[in-house]
Amino acid sequence: MTTETKRNKYVRPMTATWWKSWDFYKFYMVRESSAIPTVWFCLVLLYGVFCLTSENGFVENFIPFLQNPLVVILNLISLALLLVHAFTLFQMTGEVMSGSTGIKSEVIQKLLKIAFAAVSVIALVLAFI
């Protein structure tokens with residue numbers, strides 16, 4: 001036998017700016033918002049692929065597009081947020097893996113950063129060969 005109460009359930013009010021109350025949530029929102037510049041970068045790459053389909057389109061359209069100061073600024077913002085996202089991912093991965101592997105989180109974080117730097121250097125060398 002169940003009885004229903006006449007009282008209303010307590011629902012705590014939640015404002016649209018609830019995340020602004022703690023620094024942790026502010027940084028979390030910045031990290032998650034790094035997806036927006038990544039979309040920009042993907043659209044730039046897609047435009048480059050479309051420019052490759054036409055004769056001289058890459059040289060006549062895409063390279064001048066990349067030299068536009070606004071595009072350079074947006075790409076630098078995208079790069080900065082990508083680096084923030086990557087390094088916070090390394091920090092979280094180190095903390096999670098340390099519990100399952102027994103290796104200190106600092107060691108895992110340093111190894112991930114070294115691997116990131118090595119892959120970046122190899123990519124730059126291959127790009128400029």
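Helices here are DSSP runs of H or I with at least four residues, and strands are runs of E with at least two. With that in hand, let's work through this predicted model.

**Exercise 1.** Find how many helices and strands the protein has, and decide whether the chain is spread out or compact.

*Solution.*
- Step 1: The secondary structure comes to 5 helices and 0 strands.
- Step 2: Along the sequence, this reads α-α-α-α-α.
- Step 3: The globule rule gives 14 Å for 129 residues, but the radius of gyration is 23 Å, well over that value, so the protein is more spread out than a compact globule.
- Step 4: Now look at the C-alpha trace, which spans about 80 × 40 × 30 Å along its principal axes.
- Step 5: As for burial, 15% of the 129 residues count as buried.

**Exercise 2.** Examine the salt bridge between aspartate 23 and lysine 26.

*Solution.*
- Step 1: Side chains of opposite charge can pair when their charged atoms come close.
- Step 2: A salt bridge needs nitrogen and oxygen within 4 Å. For aspartate 23 and lysine 26, the closest N and O atoms are 3.7 Å apart, and the pair forms a salt bridge.
- Step 3: Both residues sit in helix 1 (residues 23-32); because they are 3 residues apart, about one helical turn separates them.
- Step 4: Aspartate 23 is exposed, at 60% relative accessible area, while lysine 26 is partly exposed, at 35%.

**Exercise 3.** Which residue pairs with arginine 31 in a salt bridge?

*Solution.*
- Step 1: The partner is glutamate 32, with 3.2 Å from N to O.
- Step 2: Arginine 31 counts as buried, at 10% relative accessibility, whereas glutamate 32 is partly exposed, at 38%.
- Step 3: The structure holds 2 salt bridges.

Notes:
Residues numbered from 1 in each chain as written. Predicted model: local features only at pLDDT ≥ 70, side-chain atom pairs only at ≥ 80, totals over all residues. Heavy atoms only, no water. Rg over C-alpha atoms; globule rule 2.2 N^0.38 Å. Buried < 20%, exposed > 50% of the residue type's maximum accessible area, 1.4 Å probe, protein only. Salt bridge = Lys/Arg side-chain N within 4 Å of Asp/Glu carboxyl O.
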